[in-house]
Amino acid sequence: MSEGHSDQRTNHTENSDNVVDGRTVVELAYRPQSADALVGLRARERIKRTGLLLRGVFLLLWIGQWLVSAVVRGSVDVVSTVLFLLVGLLVWGYPRLQAAQVQRLVGWQGEYRATVSPAGITCRTDHGTLIQKWSVFQGYRETASHFVLLSRDPNIMCVDVLPKRGVHEAGNLERLRAILDQHIPRV
């Protein structure tokens, strides 16, 4: 009997160590939208800069080819113009296509319930739970309507987007910002 009593005391101690003050926890509830993924992809692209550079070089090459073709022939070639416009449309639309694909991957799971605490971020849906410690992230970027958390890997393969619309209690937005500032830097 004393062994059982000892185990209960140990379990109680472990549980009290894991208790987090309610003021240091922020809960969000939201349904992911394609616009959320687009914000995350744009923030990632601004940090990496390689996507912007590649798209810029690609567009410059197409503009140069179009201009050279127009100067050499003395008139604008219809095929070159149409190809130039299609490439421009592709460069503009590609991030939106990616965001739509991300939405198809996560949208079917329904409402997301995220808990941000000093231990990290726990995200629950009806179909699963994802727990991430702060060591996973290199930093975060705040936009007008989102917090975008960027993974530590060199290619920033993981992007977590916390929409501000998911915060439903007054004052929690400032607490969320404070928790993020305490554990990961702004980038």
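Predicted model: local features only at pLDDT ≥ 70, side-chain atom pairs only at ≥ 80, totals over all residues.
Helix 2 itself has 15 residues, and its reach of 21 Å from first C-alpha to last is close to the 21 Å expected at 1.5 Å a residue. An α-helix has 3.6 residues a turn, so residues three or four places apart point the same way. Just after helix 2, R49 takes a positive phi of about 65°.

The chain as a whole contains five helices and seven strands, and these elements follow one another from the N terminus in the order α-β-α-α-α-β-β-β-β-β-β-α. Of the 187 residues in the chain, 30% are buried. Among the contacts in the chain with a separation of 6 or more, 55% are between residues 24 or more positions apart.

P95 is 56 residues from V39 in sequence, while the two C-alpha atoms are 9.7 Å apart in space. P95 counts as buried because its relative accessible area is 9%, under the 20% limit.

Helix 3, which spans residues 50–73, has 24 residues and extends 34 Å between its first and last C-alpha atoms, close to the 34 Å expected at 1.5 Å a residue. Helix 3 is followed by G74, where phi is again positive, near 85°.

Rolling a probe the size of a water molecule over the atoms shows where empty space is left. The largest pocket has a volume of about 720 Å³, and of the 28 residues that line this pocket, V102, V106, V159, D160 and V161 are the closest to its centre. At least two lining residues come from each of helix 2 (34–48), helix 4 (78–106), strand 3 (120–124), strand 4 (129–133) and strand 7 (159–163), with helix 2 giving the most, at five residues. By class, the lining of the largest pocket divides into 16 nonpolar, nine polar and three charged residues.

The second largest pocket holds about 310 Å³ of space, and two or more of its lining residues come from each of helix 2, helix 3 and helix 4. This second lining consists of L41, R42, R44, E45, K48, T50, G51, L54, R55, Y94, P95 and Q98. Helix 2 gives the most to the lining of the second largest pocket as well, with five residues. The classes represented in the second largest pocket are four nonpolar, three polar and five charged residues.

In soluble globular proteins, nonpolar side chains tend to be buried together. The largest nonpolar core of the model has 19 residues, and those with the most contacts inside it are L28, V116, W134, L149, L162, L176 and L180. Strand 1 (26–30), strand 2 (112–117), strand 3, strand 5 (137–142), strand 6 (146–151) and helix 5 (172–183) each supply at least two residues of this core. Within this group, L149 touches I121, W134, F137, G139, Y140, C158, V159, D160, L162, L180 and I184, residues up to four places away in sequence not being counted. Two of these partners of L149, V159 and D160, are also among the residues closest to the centre of the largest pocket.

I156 is found in the loop between strand 6 and strand 7, and its phi is near 45°, a positive value in a residue other than glycine. The relative accessible area of I156 is 3%, and I156 is therefore buried. N172, in helix 5, likewise counts as buried, because its relative accessibility is 4%. Apart from neighbours within four places in sequence, N172 is in contact with V26 and V167.

Technical notes:
Residues numbered from 1 in each chain as written. Heavy atoms only, no water. Helix = DSSP H or I, 4+ residues; strand = E, 2+ residues; numbered from the N terminus. Expected span 1.5 Å × (residues − 1). 1 Å grid on protein atoms, 1.4 Å probe; cavity = no way out; pocket = protein on both sides within 12 Å on 5 of 7 lines; lining within 4 Å. Points joined across faces, edges and corners; volume = space filled by probe spheres on them. Nonpolar A, V, L, I, M, F, W, Y, C, P; charged D, E, K, R; others polar. Core = buried A, V, L, I, M, F, W, Y, C linked by side-chain atoms within 4.5 Å. Buried < 20%, exposed > 50% of the residue type's maximum accessible area, 1.4 Å probe, protein only. Contact = heavy atoms within 4.5 Å.
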